[in-house]
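The sequence and structure come first.

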Amino acid sequence: MAEDRAKFTVVGISERKVDGRALVTGKPVFAGDADVPGALHVALLTSPLAHARIRRIDTSATEGYPGVVCVLTHENTPTMRYTTAGQGHPEPSPYDTRMFDTKVRFVGDRVAAVAAESLAAARAAAALIAVDYEQLDPVLSIDAALAPGAPVIHDEDDSLDIWDPAHNIASVVAARAGDVARGLAESAAVVEVTVETQYAQHAPLEPHVVVTHLDPNGRIVILSSTQVPFHVRRIVARLLDLPIHRIRVIKPRLGGGFGVKQEVLIEDVAAIVTLRTGRPVRFEYTREQEFVSSRTRHPMRIRMRLGAGKDGTLHAVEMDAISNTGAYGAHALTVMSNTGSKTLPLYNRAPHVAFSGRVVYTNLPVAGAYRGYGGTQGSFALETAMDELADRLGIDAVVLRERNHIRTGETSPIFEELGEGRKGTPQVITSCALGECLRRGSERFGWAERRTRHPGDGPVRRGVGMSAHMQGSGIALIDMAAATVTMNDDGSFNLLTGSTDLGTGSDTVLAQIAAEVLGIGIDAVLVIAADTDLTPFDKGAYASSTTYVSGKAVEAAALAVRAQILAVAAGMLEARPEDLKIVGGHIEGPRGSVSLADIGRRSYYGPDPGQIAATASFVPEASPPPFMAAFAGVEVDVETGLIRVTDFLAAVDCGTAVNPLMTEGQVEGAVANGIGYALTEEMQFTARGRTRNPDLARYKIPGAVDLPPITVMLVDSYEPTGPMGAKSVAEIGINGPLPAIANAVHHAVGIRLTRPPFTPEKVWHELRKKSSVVSHQQESP
Amino acid sequence: MKIALTVDGTPRETVIDPGECVMDVLRRLGKTSVKNGCDRGDCGSCAVLLNGRAVNACLVFAAQVDGAEIRTVEGLEDAGGLHPLQFTALDGGAVQCGFCTPGMLMTALDLLTVAPDPTEAEVRRALAGSYCRCTGYVKPVAAILTAAALMREGRRG
Amino acid sequence: MSIANVARFLRPADLAAAIAAVRSGAIPVSGGTDVMLHPPARPTDLVDLTALPLHGIESDEGGLRIGATTTLTAMLEDPRVAAIGDGVVTGMLTEVGSPLLRNRATIGGHLARGRLSDVIPVLLALDATVTWHDGVDHTRPLAAFYREGRHQEPIIVTAVTIPRPPPRSATVFRKFSRTVFDLAILNCACRIDLTDGARIAATRVVVGETPALGASLHDVEVHLTGQPLSSEAVASAAHMAAAAVPARSDERASAEYRRSLTEVLVRRCLTEIAERLP
């Protein structure tokens, strides 16, 4: 209960990261740091063509090449179709991928892999492989994919669950409530906005890396930079035709993921080489491969129509989206589902709602899971349209959101209509402080005053914009997390969790939840995480699930252990368990106390010994959304088109912030990534589909010097279904900058930016095209 | 060819390839805190102090560091405990995934050696070539400023 | 990035041995950052210049002589460099690459490799000269050095000399890029020397437009010379510059946009100069 929170002693405290000391002292804790004597190195040969059939592949030049041990091509590897998307089973993404295929579908697609004694030898030998390609016409845009008579990208007959391969459609999604056409017709004001988002890449500082070896019993051990160790184990087992229990997957410290490591991209290759050679193997993506042969954010074209009454109350909401999944349909269906499901419930006043989404294949790099997961693209469309509606009706942008947003105790038909690639689950909002986020965020940002300020007459014009957002907390009724808590003989505890801290600090958050329940400090909780041999199942780190779903499992396991402890203590203290409490490592009763260490010792050595331990599972029945109000200040140089973000404020309702400092950090990092997405980040392609900027010199992510001051306000709320009142926070922040900045630019200079990234040249073109600066000045008070 | 150098205070000798970079040599010598984030000087994850100045170890020929002194984040801690830069990063929530942290701390150390009392803008400029994708730099920059204050007072973490 | 195709890494002790190696095909290396990023295509010797006495900054009445193996950071931190043109060189250097690159990259390597640059336009605006060795020493204006393709010959750049600008002179540099740590979409360096009668005695208008190194816009310079530095003169010069700049398109910007930027940047540089010069 919310009132319990005042008594928390560990949750709500900014504890240091449990892995922090090792990280700041540079200890070898990442997969790539593993010292594996005698490891083979893998180099990948990738396709230089966007669309081609492999007529012949000649690896003879690698035979006898010094150091080469193993060469993999489509001729000597398993041919079953699968998806690289690391999702729960049965997987919602189409089985359209082979380890090595006879057809290549984008520049960067796998052709062959060479394992050799050194990386240099592997690379040199890979370059000697001769491939005879039959070139096919490439499909390089959404429109080209949908054009009549377009080349068919997946013309194979063994793929599964592709919606309409003959027309390059990977997946479709639709959901509706009411009659949107009627709703729009009935509305006093209708606005329509179409946005088109770009190819963007996660760019974690650590590229994908895996190290494999055989353990003394001949089992394969996969040390991987993955967000989903259990899904890696399941998918690799199927590909290699091994029983799941012959594989062990360990996730060490991870150098960032943001969704790109929810994908099984390299583990299969390393594992098969280890299996065939008996040798340890190391396989790391280069930065270029991390861009090209990895995963990206789905580019989308979204048409948004809103109908509202004169007072701004929404009456009809229609979202029509097309996404480009690239050559394979990883997360194709589910990202598209989330484009609607993580946006449309936000404004539940409208009785008429329709969502439709199509996902098309192209011969471009493959899209996948990326922080925000469709919600980022969807909320850009929705919040741009909301800004336009506010403008049209002369209603303040904040007020328009206040009039329409969902509240505690309310629901939206979309929750039931739209799930993760299938029907969803009815859900009533059990905590929503978006109203507070809007109110307090506006106040702190100075919205009312800044919104009425004149943009200026010089070359630099000022403006402010805002947007509102929701996300989710895990996937309801699909994903499960389990945790085990065992007690040690000094009164400390081991927390075994299959969850995956990818740098977010979730191991620390889970330790805090366990420590809170067990009445001890976080130092007395040893976290053992993400090792499929040791830890119970967890779905992995995605969908903003770890704090809420894994946290709830940890809380339940800790509560069960607590009950066992109290039962033992009750006997020792001659008291009823319900009269006991654990405070600072001691169990206190009416007639005395006993330490946790005493209980721990007794549990091992008696009298009457018995391991104190419990395992608990949690499957969420709902996915309570966190909420956010985002505010951006900009300066636009009308002569050059340069946008400078002057300040950014995110007011976030994530329920209880288990670790406030780390919670802020999640939002700050997500906002920074979102600002990059809005202003500079874009993968560019040549006319033949080759990526033009596959490095961090040409694909520009923001540096410290490029970012404005970012203010994060954690607005209090309590989610009754979450652990200690917590919801999620990892993704929502990334959704804010794109619409808030675009809306601020509209305020400053009167142009509606719909195609990120908003480079100076694009802005300059828009300014010239519309000459809107002039008209804006005339309109301004 | 063979080179001799001092790494974190320890004299080392090693045989190198003439085209090899310092990052690969240091990692081979076990200094795995020197991270390979891009292998072309764009990200700063491999930054080390070379004769006192922070450089991208991936862009320095190992053949040119014969006789040089190199410091990595692994040599920052001493008997007094964590270096202020490490302490404030840990305490201030400046570490998320921690992959960029070693390079960023060495880059910050270069700055604080030259400018012991930097402004926030100077810290941000100093980090121009040190990318972090997790934090948005808010807490790392604050932690460096706090570390600078601690160092001016001559305090440890 | 460890690179292939390095046959030997030579570390000669004197310039004579170094130039002999270069004349036999070896590539000179000082900071090495650019050679790493653009390695030789065939097995080649590298010759290290850092052991040679080419390091350091000397000041005399003619200006500053900066040794080739001086790092950009050493320049950036030198008060004598900061004194040139009200800090125009120092200010520009803070926008070049990152501190990590500037700590390693040297001025000689930068000029000798001759790629996209913020340094070169400023040095061109300041009428810098470059000194190189090919068995004997040569000194030429930087503009001529590139025009004559000297940087592609087997030479060793040994120094750059930045003359001290006359008393009534100001130089301003502007860089326009996507992020701070990025190559410029366009940069611009302008210098104006005024006569006692407040007319323009000499001027340099240098625009760095990708992918060239920086072009001195002579017609604009001629146009300005002899005029007072009025807002009309600034506007017409900026307009002329936009028409004259040999702008090209690449993945970062179109020629059309670069042309427009040229006008804006030249105008802003000249306006700032006008504000600075009494």
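Phe9(C) has Leu46(C) in β3(C) as its bridge partner. The model is predicted, so local features need pLDDT of at least 70 and side-chain atom pairs count only at pLDDT 80 or more, while totals for chains, interfaces and linings use all residues. Residues are numbered from 1 along each chain as its sequence is written, and chains are lettered from A and ligands numbered from 1 in the order in which they are written.

**The sheet**

Strands (E, at least two residues) and helices (H or I, at least four) are DSSP runs, numbered from the N terminus. Two strands pair if DSSP finds at least two bridges between them; β1(C) and β3(C) pair in the parallel sense over three bridges. The open sheet has three strands in the order β1-β3-β2 (chain C), with parallel pairing. β1 and β2 of chain C are at the edges with a single partner strand each, so one side of each has no neighbour in the sheet. From one strand to the next, the twist averages 25°.

Angles run from 0 to 180 degrees between N-to-C directions, and axes are lines fitted to C-alpha atoms, for helices over the stretch in contact. Helix α1 of chain C lies across β1, β2 and β3 of chain C and runs at about 160° to β3(C).

**The helix pair**

| Helix | Residues |
|---|---|
| α11(C) | 231-244 |
| α12(C) | 255-276 |

The axes of α11(C) and α12(C) come within 8 Å and cross at roughly 150°. That makes α11(C) roughly antiparallel to α12(C) (angles over 145 degrees count as such).

Note on methods. Angles under 35 degrees count as roughly parallel, over 145 as roughly antiparallel, 65 to 115 as roughly perpendicular and the rest as oblique. Two residues are in contact if their C-beta atoms, placed from the backbone, lie within 7 Å.
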